[in-house]
Amino acid sequence: MLIIVFIVIVLIAIIGISFYNSLIAKRNQVSNAFSSIDVMLKKRYELIPNLVETVKQYTKYEEGTLTKITALRSKVETGQLSNQEKIELDKQIGTAVNGMMLTVENYPDLKANQNFLNLQSTWTESEEQIAAARRNYNASVTAYNNGIMMFPGSIFAGMLNYQPFPVLENTVEERKNISAKDLFNN
């Protein structure tokens with residue numbers, strides 16, 4: 001009888017350790033996925049000065065917009081932002097730069113500039129990598145959130161005070177189709 005009780009206790013301990021390790025692995029995966037987004041954003045932010053300078057040389061584009069893009073980038077580089085603040089700033093930068101890219105269509109000399117074309121291509125590639133990193137982050141968050149919300153993980157998550165992470169979502173404005181006609185009429 002004593003041996004059966006011992007075996008049951010050992011099995012419960014093994015199952016508990018397994019769930020605990022699983023939750024730790026999922027939580028670390030979420031951190032790793034957000035770090036990937038951070039790396040991609042840094043790469044994109046390094047493109048901004050060259051992009052802004054190139055556009056300045058060829059256009060009479062609104063100086064205020066270029067200044068805003070540069071100021072947002074400077075804010076990001078302080079390194080004292082929370083993950084949520086980084087995401088919000090990234091959305092603002094992305095919207096401003098994408099608007100600038102659409103307006104460039106009015107400047108044929110700039111569109112033909114090889115340096116600008118290379119920067120534009122690198123920017124687009126960077127956007128695609130960021131989108132992939134965001135999908136990976138959301139998949140990791142979903143796996144983690146499922147792990148802490150489903151039984152029996154919810155028991156361990158409650159004891160460890162693990163809270164769900166929010167997934168990255170687009171705002172209503174980001175879901176709208178960009179109307180180039182509206183941009184050029186402004």
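A: Begin with confidence, since this is a predicted model. The protein chain has a mean pLDDT of 81, and 88% of its residues reach 70 or more.

Q: Where in the protein chain is confidence lowest, and where is it highest?

A: The lowest confidence falls in helix α8, residues 180-185, with a mean of 50, while the highest belongs to α5, with a mean of 88.

Q: How should I read the packing of two helices, and at what angle do α5 and α6 pack?

A: The general idea is to compare the directions of the two axes, and an angle of 65 to 115 degrees counts as roughly perpendicular. Here helix α5 (residues 114-149) and helix α6 (residues 153-160) pack at about 95 degrees, their axes being 5 Å apart, and α5 and α6 are therefore roughly perpendicular to each other. On the α5 side the contact is made by Gly147, Ile148 and Met149, and on the α6 side by Gly153, Ser154 and Ala157. Sorted by class, this contact of α5 with α6 has three nonpolar residues, three polar residues and no charged ones.

Q: What is the peptide bond from Phe151 to Pro152, cis or trans?

A: For this feature one reads the omega angle, and the bond from Phe151 to Pro152 is cis, with omega near 0 degrees. Pro152 itself sits in the loop between α5 and α6.

Q: How many salt bridges does the structure hold, and how do I read one?

A: The idea is to look for a side-chain nitrogen of Lys or Arg within 4 Å of a carboxyl oxygen of Asp or Glu. The structure holds six salt bridges, and one of them joins Asp38 to Lys86, with the closest N and O atoms 2.9 Å apart. This pair links distant parts of the chain, for Asp38 is in helix α1 (residues 2-58) and Lys86 in helix α3 (residues 83-103), 48 residues apart. Leaving aside neighbours within four places in sequence, Lys86 is in contact with Asp38, Tyr45 and Leu81.

Q: Which residues does Asn138 touch, when those up to four places away in sequence are not counted?

A: Asn138, which is placed in helix α5, touches Val167 and Leu168 under that condition.

Terms used:
Residues are numbered from 1 along each chain as its sequence is written. This is a predicted model: local features need pLDDT of at least 70, side-chain atom pairs count only at pLDDT 80 or more; totals for chains, interfaces and linings use all residues. Side-chain values use heavy atoms; hydrogens and water are left out. Axes are lines fitted to C-alpha atoms, for helices over the stretch in contact, and angles run from 0 to 180 degrees between N-to-C directions. Helices (H or I, at least four residues) and strands (E, at least two) are DSSP runs, numbered from the N terminus. Angles under 35 degrees count as roughly parallel, over 145 as roughly antiparallel, 65 to 115 as roughly perpendicular and the rest as oblique. Contact means heavy atoms within 4.5 Å. Ala, Val, Leu, Ile, Met, Phe, Trp, Tyr, Cys and Pro count as nonpolar, Asp, Glu, Lys and Arg as charged, and the others, Gly among them, as polar. pLDDT is the predictor's confidence in each residue, from 0 to 100.
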